[in-house]
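Let's take a friendly walk through this structure, one region at a time. Have the sequence and the 3D view ready as you read.

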Amino acid sequence: MSSVTAQKRSNTLVIVSTALVALWLIVAAFPFLWTLWGSFKVQADFFSKADWTHALSGTFTEEATGGSFTGRAYYGAWFQEDFWRAALNTMIVVVSVVVISLTLGTLGGYALARSGYRYAFWLLMVALVFRAMPHITLVSGYLLPFFEWNLWGHLPTAIIVLVAINQPFTLWMLHSFFLNIPKDLDESAMVDGCTRFEAFRHVIIPVMWPGVITTGLFSFLLAYNDFAVTAMLLAQENQTMVPKIASFLGSTFEEGNVMFAVASVVSATAPLFVLVLFFQRQIVSGLTAGAVKG
Amino acid sequence: MPHRTFFWFILPSLVAMMLFIFFPIVSVVIQSLYVEHEQVVITSENCGPFGCQTETTVDLEATQELRDAQPLGRFNGLGTYLNRGHLAVQELGKAWSESESFGDFWSKVMNLPFYWALAFTLTYTFVCTPMVLILGLAIALGVNGLPKLLRGPTIFFSLLPMIVTPLIGSLILFWMIDAEGIIGKSLQYLFDDPELSLKASPTLTWITLIIYGIWSSAPFAFVIFYAGLQTVPGETLEAAMIDGASRWERIRYVVIPHLAPLAVFVTLIQLMDNFRVFEPIIGFSAEASAQSLSYLIYNDLRGDIQRFGSAAATSMLTIIGVAILLSPVLIRTWRDFNRKRV
């Protein structure tokens, strides 16, 4: 008898929790699908003054272009407004940031994981404090010296700044991955006659790939998603995607320009979508690695 | 590891962090003590048939020369910190002595830009963080109850709000809540008010920004808690069940204590990230009714005349805020570390 009531209660619980998850899924995913759908319409449909169902039926889109979908917004953003150049800049910045911060980070993270001294702990604490610094406060420290030394506006400047800002996080994450690798591994290699660096290079790195890839993903996200640094430190012609999108917003008074922003937002989200699709497992493991160890 | 080897391994990271995190902070400290040059003014007396007139003109060339020679500006001590744009000591004192009631005083304080931004930043931080924890835990418990096959896709879609660029995420929501967008229109229909606009009132803007904050951070808490749920000790749960613990008691006394360290971690990261809230304000074009500390700095730095001194002073105050926010964690970690060593 009692087991039946317990069963019953858990049934309602299952329904409630499934409903909650379903609701959350709609809240999480619908905005993206809606914007993707709307980016193929004209402005009068996506921002409909009369009736929001126009966005579904595409009344004005049909009137203006003849089809119920149009690639006008994409053409305008990518070619009229040179969004392709911003995409290219983003690619350069992101790839360089990932490669450089992983190189520096693996070296540093390894040292922090293997040193038992008090200063290693303090370095990690300092890194934590550095991680908490709002990026814009650092930017306000860069601007004046960079203007004075003519470093302002160039891609390499933004790259090296992003690498540095990324370093505290990279160190923490790689450090916790290195802690999972038994000390015996590098110590036995050193007994066999390797130097510390050779042991690191030939024995540790090959087993570290999963950790390195996961950390790389997060470095990618940081560089890709950054607005504060790239918006303030890059000259107009070197702009990356996110500041470029922000600059579209200033010119939205002209009819149709909002749709350029919508199209470029969808274009900039697409790589992230693919990234999650392929690396979901690594992202989840990366988020938890920090939590379980930290 | 010997000190020497450690040093060479850590050197590249350390140099990068020194040059681009530590020195900028030093540079911010110095800049905050200086203020821009005033314009060089020439006063000349023009005497004509109808008497003499004094005329003041700005000597652009001399001003530019002065600015080039001393880009930092002139020394101002703590003046920038105390002026109306920052701590506004004088204005505070005046408001205190002149106000009749506390509400009156409060509304005067909220007219000062720094306190207005501080109020929003703190509200955002301390509303978003607990909500993110609760929502994240709820979703994690829900997903944990789903059949295995459905979990993967659920996690995939759940990750999107977190992974997407903050500016882009806020723009996507902003377009939907626009008076001509789908949510904005639906709300007008629901409340039967064709003039309803979420952008019009400060309160509604604050709520919108906070909802965005929860939307974009809940996945983070969810993933952490979900991973934690996978490692809940099965034997303890079983033992609790045999002892007659109800479902709620099992969650309360077994699952939640198991997740507590993870909650501390999520709280820490959330406090840090929410305190620097910045992109949503730009994405939602909310600067008229909500400003954060980071936004104040950004606002000083862009535009034709960049006010480095003012931006630096706000930066310093923000850094102090971060330090206060982090201090409990740092003290705790320090104690743990010492206990482990003993």
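## A hairpin in chain B

Two strands are said to pair if DSSP finds at least two bridges between them. The model here is a predicted one, and in its chain B the strands β2 (residues 41–48) and β3 (residues 51–58) are joined by 8 bridges and run antiparallel. How many residues does the hairpin use to join β2(B) to β3(B)? The hairpin makes the link through 2 residues. For a landmark within the pair, look for Thr43(B), which has Thr56(B) of β3(B) standing opposite.

In a regular strand, side chains alternate between the two faces of the sheet.

The size of an interface is often given as the accessible area lost when the parts come together. For chain B and chain A, about 8700 Å² is buried between them, and 81% of that area lies on carbon and sulfur atoms. On the chain B side, Met1(B), Phe9(B) and Trp175(B) lose the most area to chain A, together accounting for 9% of what that side buries. Counted by residue, 90 from chain B and 96 from chain A take part in the contact.

Which side chains form the salt bridge here? The rule finds 1 salt bridge across this interface, and the side chains of Arg131(A) and Asp273(B) meet in it, with an N to O distance of 3.4 Å. Polar contacts between chain B and chain A number 14 residue pairs, with both residues at pLDDT 80 or more. Helix α1 (residues 3–32) of chain B gives the most to the side of chain B that touches chain A, supplying 18 residues.

## Two domains in chain A

Chain A is assigned a domain 1 (30–70) and a domain 2 (80–293). Taken over C-alpha atoms, the centres of these two domains of chain A are 37 Å apart. Their contact involves 10 residues of domain 1 of chain A and 9 residues of domain 2 of chain A.

Between them, domain 1 and domain 2 of chain A bury about 690 Å², 78% of it on carbon and sulfur atoms. On the side of domain 1 of chain A that touches domain 2 of chain A, α1 (2–38) and α2 (43–46) of chain A each supply at least two residues. Helix α1(A) gives the most to that side, with 4 residues.

## Around helices α4 and α5 of chain B

Now to the loop between α4 (89–98) and α5 (102–109) of chain B, where Ser99(B) is found. Is Ser99(B) buried or exposed? Ser99(B) counts as buried because its relative accessible area is 14%, and the cut-off for buried is under 20%. A polar atom of the Ser99(B) side chain lies 2.4 Å from the backbone oxygen of Ala95(B). Beyond its neighbours within four places in sequence, Ser99(B) is in contact with Asp104(B), Phe105(B) and Lys108(B).

Glu91(B) lies in helix α4 of chain B. With a relative accessible area of 27%, Glu91(B) is partly exposed. Lys108(B) comes up again here: its C-alpha atom is 8.9 Å from that of Glu91(B), although the two residues are 17 apart along the chain. Leaving out neighbours within four places in sequence, Glu91(B) is in contact with Arg84(B) and Leu112(B).

Definitions and conventions. Residues numbered from 1 in each chain as written. Chains lettered and ligands numbered in written order. Predicted model: local features only at pLDDT ≥ 70, side-chain atom pairs only at ≥ 80, totals over all residues. Heavy atoms only, no water. Buried < 20%, exposed > 50% of the residue type's maximum accessible area, 1.4 Å probe, protein only. Polar contact = N/O pair within 3.5 Å; in protein donor to acceptor, adjacent residues only side chain to side chain. Contact = heavy atoms within 4.5 Å. Domains from an automatic or database assignment. Buried area = accessible area lost by both parts, 1.4 Å probe. Salt bridge = Lys/Arg side-chain N within 4 Å of Asp/Glu carboxyl O.
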